[in-house]
Amino acid sequence: MGNNFAQYQPYATPGYHGGVDMVLEADSWIYAPVDGLLEAGHYAYTDNPDGSRIKHWKPWPSSGDPSYFELAVVDNVGNRFELHHVDKASLPQDVMTGLNAANFFVKQGMKLGRVVDWTMPFHYDHVHINIHDKEGRWFNPEYFFTLLPDTIKPQCQFLAFDKEGGSQWLQTREIQIENLSHVVVIASDQKNNNKFSQVPTYFEIAFESGSTFFWDFQKNLTNSNGNFADMRNVYPVRVELPNGSVMRQPSGYYPNNVKFAVKLPLPENTGTGQFMIMAKDAAGNICEYRSFPAKNRPRVSYKKLGL
């Protein structure tokens, strides 16, 4: 798997990836993921500042950029399974005949077409998979599909920023909560034997008082209030590190050990006790930071924090 659902896309207006890239060998066939009505067309996007997107669609049989041709299967309740980067010239005759006739229903597992050949360095042949419901809400395909084997926890560093703009690595486990402004998790995740880096799908800061804040990309793109996760609040464009150097979000298709910076604001009423920061990948592997509790106070458990 290449780029995942919440991956940062470094366009002129940055956006979420919005789906997953299933990495394929050259000329691989693509199959219908579900039963449903088949649609086809060329597409493009306009990115909004919050990370949401406006889709521009040229339906079959219109012409367009051959690398950005989509087949989509719409199931019986209106969920749309979009398959991007299909080679239009490779469509079998029965698929073209069905699209020309309209209202063409396909069965799960039907052969639909071959993957586009990108033939460019630092890229990979792949089908990009999106899932949207009939209201247009985005869903993470990893939530519904069989997960790739993954026993490796994300690699994380934890950075605390004070109200004056200074920063420190959370390594000594000694920090004054009342002086905190926000924290940044610098994270990279890789699945077993997968050479591509991804961003974890869940980030949380939780305090002994019970106050929490999280970004949850496991199923949708949401925050702890259940609202759409405004990308400008998730991915800082630049992060000044304690040594004075600056980290910026990565760009391109990400090989090994590429790191992403994710900002976690502090919830209200944090109190002054123990706190925990964690990141979790789609398989449930966790990296974490825990502060020491005050003297003679028990450590707070994940169960107490509702995790």
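What volume does the largest cavity have? The largest cavity has a volume of about 30 Å³, and the structure holds one cavity of 30 Å³ or more. On a 1 Å grid over the protein atoms alone, a cavity is a set of points where a 1.4 Å probe fits but cannot get out, and a pocket is an open set with protein on both sides within 12 Å along at least five of seven lines; lining residues have an atom within 4 Å of a point. Grid points are joined across faces, edges and corners, and a volume is the space filled by probe spheres set on the points.

Before going further, a word on the source. This is a predicted model, in which local features need pLDDT of at least 70 and side-chain atom pairs count only at pLDDT 80 or more, while totals for chains, interfaces and linings use all residues. Residues are numbered from 1 along each chain as its sequence is written, and side-chain values use heavy atoms, with hydrogens and water left out.

**Confidence**

The mean pLDDT of the chain (the predictor's confidence in each residue, from 0 to 100) is 90, and 91% of its residues reach 70 or more. Over residues 294-307, pLDDT stays under 50, and the model has 26 contacts for them beyond four places in sequence; a contact means heavy atoms within 4.5 Å. Where pLDDT is low, the predicted coordinates should not be read in detail.

**Cavity and pocket**

Among the residues that line the largest cavity are Met1, Asn4, Glu142, Asp189 and Lys191. The largest pocket is lined by 30 residues, and those nearest its centre are His17, Tyr43, Tyr45, Arg53 and His84. Strands β5 (36-47), β6 (53-59), β8 (80-84) and β12 (126-132) each supply at least two residues of this pocket's lining. Strands (E, at least two residues) are DSSP runs, numbered from the N terminus.

The table gives the two spaces by class. Ala, Val, Leu, Ile, Met, Phe, Trp, Tyr, Cys and Pro count as nonpolar, Asp, Glu, Lys and Arg as charged, and the others, Gly among them, as polar.

| Space | Volume | Lining by class |
|---|---|---|
| Largest pocket | about 580 Å³ | nine nonpolar, 13 polar, eight charged residues |
| Largest cavity | about 30 Å³ | four nonpolar, three polar, four charged residues |

**Strands and sheets**

Two strands pair if DSSP finds at least two bridges between them. Strands β5 and β6 run antiparallel and are joined by seven bridges, with glycine 41 having proline 59 in β6 as its bridge partner. They form a hairpin with five residues between them, and glycine 51 in the turn has a positive phi of about 100°.

Valine 86 stands opposite valine 115 in β11.

Five strands make up another open, antiparallel sheet, in the order β19-β18-β17-β23-β24. Here β19 (222-223) and β24 (286-290) are the edge strands. Aspartate 216 stands opposite threonine 222 in β19.

**The sulfur link**

The structure holds one disulfide, a pair of cysteine sulfur atoms within 2.5 Å. The disulfide joins cysteine 156 to cysteine 287, with an S to S distance of 1.9 Å. Cysteine 156 lies in strand β14 (residues 155-162) and cysteine 287 in strand β24, so the pair ties together parts that are 131 residues apart in sequence. The torsion about the S-S bond is about -50°, so the disulfide is left-handed.

Key
Helices (H or I, at least four residues) and strands (E, at least two) are DSSP runs, numbered from the N terminus.
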